[in-house]
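Here's a quick tour for anyone meeting this structure for the very first time. Have a look at it, then read on.

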Amino acid sequence: VQLQASGGGLVQTGGSLRLSCAASGRNFGTYVMGWFRLAPGKEREFVATINWNGARTSYADSVKGRFTISRNIANNTVYLQMDSLKPEDTAVYYCAGGHAYSSSRGDYGYWGQGTLVTVSS
């Protein structure tokens, strides 16, 4: 599976962005998909995950209630809707694919190239 993330950009505090992750390759619908982020001076951290059919989702406490992960199996795409953005959400966001429903980056074997989100105060 190859993953291509897009949708990042510059937004003001309180604004919204929707990230997309397009997958190519076979069996996309069988993968757990996740979003992680890497902020300056920090380690890559878990943001959200969604199981193979979209029935289960999980979020980091820092984004719960503001971010929504979803997937469209028909077009092999995973989305991250980000609302009420804060400056501390500034980071490079990565989509990832794996076989375990997990918040651990070690459980994801496929990674996209990342898309930069900058939230200005």
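Which residues does T115 touch, not counting residues up to four places away in sequence? They are A5, S6, G7, G8, L19, A91, V92 and Y93, where contact means heavy atoms within 4.5 Å. This is a predicted model, where local features need pLDDT of at least 70, side-chain atom pairs count only at pLDDT 80 or more, and totals for chains, interfaces and linings use all residues. Residues are numbered from 1 along each chain as its sequence is written, and side-chain values use heavy atoms, leaving out hydrogens and water.

T115 sits in strand β11 (strands are DSSP runs of E, at least two residues, numbered from the N terminus). A polar atom of its side chain lies 3.0 Å from the backbone nitrogen of G8.

Now for the disulfide, a pair of cysteine sulfur atoms within 2.5 Å. The structure holds one: C21 and C95, with their sulfur atoms 2.1 Å apart. It links distant parts of the chain, C21 in strand β3 and C95 in strand β9, 74 residues apart. The torsion about the S-S bond of C21 and C95 is about 65 degrees, so this disulfide is right-handed.

| Residue | Relative accessible area |
|---|---|
| T115 | 11% |
| C21 | 0% |
| C95 | 0% |

Finally, L80: among the residues that L80 touches, not counting those up to four places away in sequence, are L19, W35, V47 and Y93.

Conventions:
Helices (H or I, at least four residues) and strands (E, at least two) are DSSP runs, numbered from the N terminus. Buried means under 20% relative accessible area, exposed over 50%, partly exposed in between (1.4 Å probe, protein chains only). A polar contact is a pair of N or O atoms within 3.5 Å; within protein, one must be able to donate a hydrogen and the other to accept it, and residues adjacent in sequence count only if both atoms are side-chain atoms.
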